[in-house]
Amino acid sequence: MTLAPAGPRMTGDGRRDANAALVLRTVLDHGPVTRGGVVRHSGLSAAAVSRQSAALIGTGLVRELPEPMAAGGVGRPSFPLDLHTGAVGGPVAGGVHIGVPASTFGLLDLRGRVLARRLFRHDGIGPGELPGAVGRALARFLAGATGTRPLLGVGAAVGGWVRPEDGVVVRHDALGWRNRPLGAELSRHLGVAVRLDNHARTVAQSEILFGAPSARRSLVHLFVGNVVDAAVGIAGVIHQGPGAAAGDVAHLPVPDSTAPCPCGRTGCLEATASDMALGRVAVRRGIVPEPSTALLVDAAAAGDRRADRLLRERARAVGRAAALLLDVLNPELVVVTEQSSVLNADYLEEIRGAAVDLSHVCDDPERIVGPHAGPAVLPVAAGTALLNPLFKDPLGTREGR
Ligand SMILES: [Zn+2]
């Protein structure tokens with residue numbers, strides 16, 4: 001007797017869509033790769049690979065390269081497949097990360113590589129006007145950067161509680177947003193589909209798609225910016241939970257911290273370790289003229305011991321949070337997005353040291369890493385909000401796309 005494979009039974013279009021996604025993912029991982037290589041890596045039949053390759057070439061996501069690869073000795077040489085990342089005709093994804101002081105715009109190819117980016121400061125723009133201002137500036141950026149390449153759409157990433165299914169920001173405390181239909185507002189200005197998600201989840205997703213292989217097995221992503229939040233991915237799937245509310249770690253307790261939190265308590269992680277909290281202390285102590293983590297990293301690099309001490313203190317608070325998450329979830333990988341450690345590896349070492357000291361399950365500092373895209377983490381994450389649903393359903397026939 002043979003057992004049916006686990007999971008929902010795929011018939012008809014469902015199976016076709018799943019096979020197309022598997023072929024696309026295999027080309028992402030192994031391209032340029034021959035159809036025979038796709039058969040070997042994916043476990044699909046030669047007929048299925050041939051059919052889905054043709055369908056994917058039809059969408060413009062995959063192309064056949066003009067130079068044949070030797071077919072291993074005998075037989076006809078075969079033309080390998082790769083994602084269509086060519087400068088002529090290769091589709092691109094727009095992205096916008098909306099932060100508190102500034103937004104980051106990006107344009108990505110299908111491998112999640114940044115082709116163009118721009119910082120858009122929010123100086124003098126109130127939170128109510130922000131979606132309109134960002135939408136107009138992003139439309140100009142995309143018009144210039146995209147050129148003649150087909151634009152697949154735009155991904156948007158923002159902190160706080162975000163509901164991806166209808167593109168609503170349920171709650172963003174730093175911007176004072178409640179139930180804001182941000183996806184629809186941006187889409188109106190851009191004239192293309194906008195996929196919105198929480199930024200911690202989109203970074204996690206970009207690690208799963210484009211980062212280290214272990215990220216696909218299990219990962220926790222901890223985001224420490226003006227907002228502090230997290231995302232959990234198991235077997236390649238990001239957990240959202242009811243109302244897509246998963247990942248709020250802003251109020252994890254930080255021992256010895258007395259920082260007051262808007263929630264009414266003291267010593268919460270976000271109130272202690274966010275960029276805003278760090279900047280306020282740095283300005284008060286006269287270390288930097290304005291609250292900026294980048295300026296603080298510069299000051300430390302120039303020899304200011306107070307700047308270095310402050311950054312190491314923050315790194316240890318971040319490491320403690322990473323230790324808690326390691327103990328609860330035991331992920332293969334903890335990805336930490338925090339500006340000082342992205343700019344200077346010494347602060348990543350400090351985070352790793354604290355995490356390993358305080359964790360009860362992890363004694364390997366290498367399990368704690370920075371984002372694979374380094375300083376381009378935000379534009380890559382934003383574009384991934386669009387690319388991830390596309391990689392899941394490249395033929396665009398499933399519900400929800
Ligand atoms: Zn709190």
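Which domains does the domain assignment of the protein give, and could you then take me through the salt bridges?

Author: Happy to! This is a predicted model, where local features need pLDDT of at least 70 and side-chain atom pairs count only at pLDDT 80 or more, while totals for chains, interfaces and linings use all residues. Residues are numbered from 1 along each chain as its sequence is written, and side-chain values use heavy atoms, with hydrogens and water left out.

The assignment, which is automatic or from a database, gives domain 1 (12–83), domain 2 (92–203 + 378–392) and domain 3 (212–370).

Now to the salt bridges. A salt bridge here is a side-chain nitrogen of Lys or Arg within 4 Å of a carboxyl oxygen of Asp or Glu, and the count comes to 19. For the surroundings, buried means under 20% relative accessible area, exposed over 50%, and partly exposed in between (1.4 Å probe, protein chains only).

Arg113 pairs with Asp109, their closest N and O atoms being 2.9 Å apart. Arg113 counts as partly exposed because its relative accessibility is 42%, whereas Asp109, at 3%, counts as buried.

Another bridge joins Asp248 and Arg171, with 3.5 Å between the closest N and O atoms. This pair links distant parts of the chain, 77 residues apart: Asp248 sits in the loop between β13 (237–238) and α8 (269–273), and Arg171 in strand β8 (residues 168–172). Helices (H or I, at least four residues) and strands (E, at least two) are DSSP runs, numbered from the N terminus. Asp248 is partly exposed at 46%, as is Arg171 at 31%.

Finally, salt bridges with shared partners connect Asp308, Arg312, Arg316, Glu350 and Asp357 in one network.
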